[in-house]
Amino acid sequence: MQPKAAFLWDESFLWGIMAYDALKTCSLSFDLIRADSIKKGRLSDYKMLFVPGGWASNKLKSLGEKGIDEIKEFVKNGGNYAGFCGGAGLATLEGIGLLNVSRKPSKERVPSFSGRINLNINGHPIWKGVSDNSQFKVQDSGQNSSLPFHAWWPSQFLIPPLGSEGGLKTIATFGDALPDSFSSDLNVGDTSAAGRWKDFEDIYQINLNPVRLINEPAVVEGNYGKGTVLLSLVHFDTPDDKNGAEVLRNIWEYLSGQDSAAIDVKEKGRRLLPRAPQTPESGLIYELESAVERLISLGIRNFLWFWRSSMLLQWRRGVRGLEYCTLYVMIKKIAEIMRSSSPAGEGMAGDLNRLKELLLPFIEKAERLLILERHAMQDNHITYDRCDNEEIQDIRKRLFSTSKSHGGMFKELISEIDNFLYSLLTMK
């Protein structure tokens, strides 16, 4: 049966894998599609478009004017749209403009919050049956209940007054951040206990105190033409988040019509697949994996980052932890697929060699950069784009360019990996 939901893959990378795994774990049906397919009118086959996290500006570029027009026409004629984080930003006035919602300027946000945070939720079908460790349940009519979910470096919405065009409504606002969350590289519980937020905001020159997020809109809904648009700054696709998984199922039922009550949610852990026979590609996979593992290990032993979940690092201010984390997760996903019992990995030595040619020089330069950044941290405060060391600046420019949303060698490498991974995931 044709899935009723389309999943836009382009410019999602780590967040695409996170969402893909979460939806598969929840047994939710979808088709992966790319911007080129949208430009050709492919959305007419679906009832819902889902857009995961990632840089909204890069997603916008990949869609182009034709893709943007196709999405707007799809929703206008009754298709539904769900976007998480960057996928939510894509639908704001700075992007496609499906809802009369803007994003706050960076200086007014808390730009580097990550981790668990309570949501103050209002009655809506997406909260049906959600519970916090079975202490209580939230039904459709539940009002002002509070539940913990995960936000990963979200933007912040700027919404017009109530009663605006498009039936816009806030269905969740941010509450208190939990003590195990972080703002930049500062643990929320520890920093709050010490009463140091103002001191660190003066040093970091950004808003850090998560109290600033309280009562800010986190999940909003509105209409564009005949379609429903649901935008969330919260990642309901976070690994091992039972509440988030329940909301995912509810969103699929609400927007695509898939009956979540009919889904068997038992034993949804990742199935161990038998190891495939050794092939010419096996050695290449080993080299790619070894390179990214070595890079992550270097950061761990130099106190630059640690793992917060199976897919997300927490890094120190001054290094590009998200990019390295993304690289690691994507290579690991390729290895997982190609080592399965599926024949998908056969005959792909040429593609893997191309990845190797791009990856190994990148890793070599990144290792040098990380050691230099580690030493620079001992002397002064540095950020991802600011440091007085000329060698650091030169390597950073070559690896990532000067763009916060990345460029340089990393952009070329990650695009090649992404294309290869997409071909594996969609191979029949």
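# Helices, core and a pocket in a predicted model

Helix 7, residues 242–256, has 15 residues and spans 21 Å from its first C-alpha to its last, close to the 21 Å expected at 1.5 Å a residue. The model is predicted. The buried residues are N243, G244, A245, V247, L248, R249, N250, I251, W252, L255 and S256.

The protein as a whole has 12 helices and 17 strands. Of its 428 residues, 55% count as buried. Among contacts between residues at least 6 apart in sequence, 74% join residues at least 24 apart.

| Helix | Residues | Number of residues | Span, first to last C-alpha | Expected span |
|---|---|---|---|---|
| Helix 7 | 242–256 | 15 residues | 21 Å | 21 Å |
| Helix 8 | 282–301 | 20 residues | 28 Å | 28 Å |

In helix 8 the buried residues are S282, L284, I285, L288, E289, A291, V292, L295, I296, L298 and G299. The cover over these buried residues includes strand 16 (305–307), strand 17, helix 9 and helix 10. Helix 8 is followed by F303, which has a positive phi near 60°.

The largest nonpolar core contains 138 residues, and those with the most contacts inside it are Y81, L119, F236, I251 and Y324. Helix 10 (residues 349–379) supplies the largest share of this core, 12 residues. I251 is also among the buried residues of helix 7. Leaving out residues up to four places away in sequence, Y324 touches L295, I296, W305, F362, A366, L369, L370, L399 and F400.

The volume of the second largest pocket is about 1400 Å³. It is lined by 47 residues, of which W55, P111, S112, W153 and K404 are the closest to its centre. Two or more lining residues come from each of helix 1 (14–25), helix 3 (56–76), helix 4 (86–90), strand 17 (313–315), helix 9 (321–338) and helix 12 (408–425). Which helix gives the most to this lining? Helix 9 does, with 4 residues. By class, the lining has 18 nonpolar, 18 polar and 11 charged residues.

W153, one of the residues closest to the pocket centre, lies in the loop between strand 9 (145–152) and strand 10 (157–158). Most residues other than glycine have a negative phi. W153 is not a glycine, yet its phi is positive, about 50°. S401 is likewise not a glycine and has a positive phi of about 65°. The loop that holds S401 runs between helix 11 (390–400) and helix 12. S401 has a relative accessibility of 25% and therefore counts as partly exposed, since burial requires a value under 20%.

D10 is in the loop between strand 1 (5–8) and helix 1. Is D10 buried or exposed? D10 has a relative accessible area of 10%, so it is buried. Apart from neighbours within four places in sequence, D10 is in contact with I33, R34, A35, K59 and S62.

L158 belongs to strand 10. Its relative accessibility is 41%, so L158 counts as partly exposed. L158 and R103 are 55 residues apart along the chain, while their C-alpha atoms are separated by 5.3 Å. Not counting residues up to four places away in sequence, L158 touches V101, S102, R103 and K104.

F200 is found in helix 6 (residues 197–204). Its contacts, leaving aside neighbours within four places in sequence, are with L186, T191, Q205 and L208. F200 and L186 are 14 residues apart in sequence, and the distance from C-alpha to C-alpha is 9.0 Å.

Notes
Residues numbered from 1 in each chain as written. Predicted model: local features only at pLDDT ≥ 70, side-chain atom pairs only at ≥ 80, totals over all residues. Heavy atoms only, no water. 1 Å grid on protein atoms, 1.4 Å probe; cavity = no way out; pocket = protein on both sides within 12 Å on 5 of 7 lines; lining within 4 Å. Points joined across faces, edges and corners; volume = space filled by probe spheres on them. Nonpolar A, V, L, I, M, F, W, Y, C, P; charged D, E, K, R; others polar. Buried < 20%, exposed > 50% of the residue type's maximum accessible area, 1.4 Å probe, protein only. Contact = heavy atoms within 4.5 Å. Core = buried A, V, L, I, M, F, W, Y, C linked by side-chain atoms within 4.5 Å. Expected span 1.5 Å × (residues − 1).
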